[in-house]
Amino acid sequence: MRHFYIKQILLTIAVLLFSLTANAYGFEVDGIKYYILSEENLTVEVSGKTENSGGNIVIPSVVNYGGNEYSVTSIGFQAFDYCSSLTSIEIPNSVTYIEGQAFEGCTSLTNVTFGENSQLEKICYSAFEGCTSLTSVTF
(Lines give C-alpha, C1' and ligand atoms only; values in the text may rest on other atoms or scores of the structure.)
Protein backbone atom coordinates (compact mmCIF):
# COMPACT_ATOMS: atom_id res chain seq x y z
CA MET A 1 0.00 0.00 0.00
CA ARG A 2 2.79 2.42 0.90
CA HIS A 3 4.53 1.65 -2.40
CA PHE A 4 1.36 2.78 -4.22
CA TYR A 5 1.37 6.17 -2.46
CA ILE A 6 5.03 6.77 -3.26
CA LYS A 7 4.32 6.11 -6.95
CA GLN A 8 1.37 8.51 -6.84
CA ILE A 9 3.47 11.24 -5.24
CA LEU A 10 6.29 10.81 -7.76
CA LEU A 11 3.81 10.86 -10.65
CA THR A 12 2.23 14.05 -9.30
CA ILE A 13 5.63 15.74 -8.98
CA ALA A 14 6.56 14.71 -12.54
CA VAL A 15 3.31 16.13 -13.93
CA LEU A 16 3.80 19.41 -12.06
CA LEU A 17 7.38 19.79 -13.30
CA PHE A 18 6.32 19.06 -16.87
CA SER A 19 3.53 21.62 -16.71
CA LEU A 20 5.94 24.28 -15.42
CA THR A 21 8.38 23.74 -18.28
CA ALA A 22 5.63 23.46 -20.88
CA ASN A 23 4.44 26.99 -20.06
CA ALA A 24 7.73 28.63 -19.12
CA TYR A 25 6.95 31.99 -20.66
CA GLY A 26 3.33 32.61 -19.72
CA PHE A 27 2.09 34.48 -22.77
CA GLU A 28 3.16 36.15 -26.00
CA VAL A 29 2.25 39.55 -27.44
CA ASP A 30 3.58 40.98 -30.71
CA GLY A 31 6.48 38.54 -31.01
CA ILE A 32 7.71 38.96 -27.44
CA LYS A 33 7.26 36.32 -24.74
CA TYR A 34 6.47 37.34 -21.18
CA TYR A 35 6.59 35.63 -17.81
CA ILE A 36 4.24 36.83 -15.09
CA LEU A 37 6.25 37.88 -12.03
CA SER A 38 3.30 38.94 -9.89
CA GLU A 39 -0.44 38.65 -10.47
CA GLU A 40 -0.98 40.87 -7.42
CA ASN A 41 1.30 43.69 -8.63
CA LEU A 42 0.61 43.00 -12.33
CA THR A 43 4.28 42.80 -13.31
CA VAL A 44 5.99 40.76 -16.02
CA GLU A 45 9.46 40.19 -17.39
CA VAL A 46 10.43 39.69 -21.00
CA SER A 47 11.37 36.03 -21.20
CA GLY A 48 12.10 35.57 -24.89
CA LYS A 49 11.34 36.20 -28.49
CA THR A 50 9.57 34.32 -31.22
CA GLU A 51 11.33 32.86 -34.24
CA ASN A 52 10.32 35.91 -36.28
CA SER A 53 11.70 38.47 -33.83
CA GLY A 54 14.42 40.65 -35.21
CA GLY A 55 15.26 44.02 -36.66
CA ASN A 56 14.20 46.81 -34.33
CA ILE A 57 12.38 45.57 -31.24
CA VAL A 58 10.50 48.01 -29.05
CA ILE A 59 9.65 46.59 -25.64
CA PRO A 60 6.49 48.24 -24.32
CA SER A 61 6.29 49.56 -20.76
CA VAL A 62 2.91 47.86 -20.34
CA VAL A 63 1.36 44.86 -22.04
CA ASN A 64 -2.27 43.75 -22.03
CA TYR A 65 -3.14 40.11 -21.54
CA GLY A 66 -6.20 38.30 -20.24
CA GLY A 67 -7.97 41.53 -19.41
CA ASN A 68 -5.06 42.81 -17.29
CA GLU A 69 -2.48 45.50 -17.94
CA TYR A 70 0.96 44.32 -16.81
CA SER A 71 3.98 46.55 -16.22
CA VAL A 72 7.17 45.28 -17.87
CA THR A 73 9.83 45.47 -15.14
CA SER A 74 12.69 43.26 -16.28
CA ILE A 75 14.36 41.41 -19.14
CA GLY A 76 14.98 37.81 -18.24
CA PHE A 77 17.99 35.50 -18.39
CA GLN A 78 18.96 34.80 -22.03
CA ALA A 79 15.75 36.45 -23.28
CA PHE A 80 17.24 37.53 -26.62
CA ASP A 81 20.50 35.56 -26.60
CA TYR A 82 21.98 34.79 -30.01
CA CYS A 83 19.21 36.63 -31.87
CA SER A 84 21.41 37.39 -34.85
CA SER A 85 18.70 39.37 -36.66
CA LEU A 86 18.23 41.86 -33.79
CA THR A 87 19.63 45.24 -34.86
CA SER A 88 18.27 47.63 -32.22
CA ILE A 89 16.32 47.44 -29.00
CA GLU A 90 14.30 50.08 -27.17
CA ILE A 91 13.93 49.39 -23.45
CA PRO A 92 11.18 51.29 -21.60
CA ASN A 93 11.79 53.29 -18.44
CA SER A 94 9.74 50.73 -16.48
CA VAL A 95 12.52 48.13 -16.76
CA THR A 96 14.64 48.10 -13.60
CA TYR A 97 16.60 44.91 -14.15
CA ILE A 98 18.35 43.17 -17.07
CA GLU A 99 19.33 39.62 -16.21
CA GLY A 100 22.51 37.83 -17.27
CA GLN A 101 23.14 37.00 -20.91
CA ALA A 102 19.92 38.75 -21.94
CA PHE A 103 21.43 39.91 -25.26
CA GLU A 104 24.53 37.70 -25.39
CA GLY A 105 25.73 36.92 -28.90
CA CYS A 106 23.42 39.39 -30.68
CA THR A 107 26.08 40.09 -33.29
CA SER A 108 23.94 42.46 -35.40
CA LEU A 109 22.81 44.58 -32.44
CA THR A 110 24.08 48.12 -33.06
CA ASN A 111 21.87 50.33 -30.87
CA VAL A 112 20.35 50.09 -27.39
CA THR A 113 18.06 52.89 -26.26
CA PHE A 114 16.71 53.25 -22.73
CA GLY A 115 13.50 55.23 -22.18
CA GLU A 116 13.51 58.75 -20.84
CA ASN A 117 13.79 58.82 -17.03
CA SER A 118 14.96 55.20 -17.05
CA GLN A 119 14.59 53.45 -13.70
CA LEU A 120 17.25 50.85 -14.56
CA GLU A 121 19.02 49.66 -11.41
CA LYS A 122 21.05 46.68 -12.53
CA ILE A 123 22.52 45.04 -15.62
CA CYS A 124 23.80 41.56 -14.78
CA TYR A 125 26.87 39.71 -16.01
CA SER A 126 27.38 39.13 -19.71
CA ALA A 127 24.11 40.87 -20.61
CA PHE A 128 25.69 42.27 -23.79
CA GLU A 129 28.64 39.90 -24.20
CA GLY A 130 29.45 39.13 -27.82
CA CYS A 131 27.46 42.09 -29.18
CA THR A 132 30.31 42.86 -31.54
CA SER A 133 28.43 45.49 -33.61
CA LEU A 134 27.15 47.53 -30.66
CA THR A 135 28.13 51.14 -31.28
CA SER A 136 25.46 53.16 -29.43
CA VAL A 137 23.88 52.98 -25.98
CA THR A 138 21.55 55.87 -25.17
CA PHE A 139 20.09 56.70 -21.74
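A: Contact here means heavy atoms within 4.5 Å. Leaving aside neighbours within four places in sequence, Q101 is in contact with F77, Q78, D81, Y125, S126 and A127. The model is a predicted one, in which local features need pLDDT of at least 70, side-chain atom pairs count only at pLDDT 80 or more, and totals for chains, interfaces and linings use all residues. Residues are numbered from 1 along each chain as its sequence is written, and side-chain values use heavy atoms, with hydrogens and water left out.

Q101 is placed in the loop between β8 (97-98) and β9 (111-114). Strands (E, at least two residues) are DSSP runs numbered from the N terminus, as are helices (H or I, at least four). Although Q101 is not a glycine, its phi is positive, at about 60 degrees. Most residues other than glycine have a negative phi. Q101 is buried, with a relative accessible area of 17%; buried means under 20%, exposed over 50%, and partly exposed in between (1.4 Å probe, protein chains only).

One of the contacts of Q101 is polar: its side chain meets the side chain of Q78 at 2.7 Å. A polar contact is a pair of N or O atoms within 3.5 Å; within protein, one must be able to donate a hydrogen and the other to accept it, and residues adjacent in sequence count only if both atoms are side-chain atoms.

S126, which is among the residues in contact with Q101, also has a positive phi, about 55 degrees, without being a glycine. S126 lies in the loop between β10 (122-123) and β11 (136-138), and is partly exposed, with a relative accessible area of 25%.

The sheet can now be considered. Four strands form an open, parallel sheet in the order β4-β7-β9-β11. Its edge strands are β4 (55-58) and β11, each of which pairs on one side only. Neighbouring strands are turned by 10 degrees against each other on average, direction ignored; the axes are lines fitted to C-alpha atoms (for helices, over the stretch in contact), and angles run from 0 to 180 degrees between N-to-C directions. Two strands pair if DSSP finds at least two bridges between them.

β4 and β7 (residues 86-91) pair in the parallel sense over 4 bridges. Within β7, L86 is the bridge partner of G55, and S88 stands opposite N56. β7 is in turn joined to β9 by 4 bridges, again running parallel, with I91 opposite F114 in β9.
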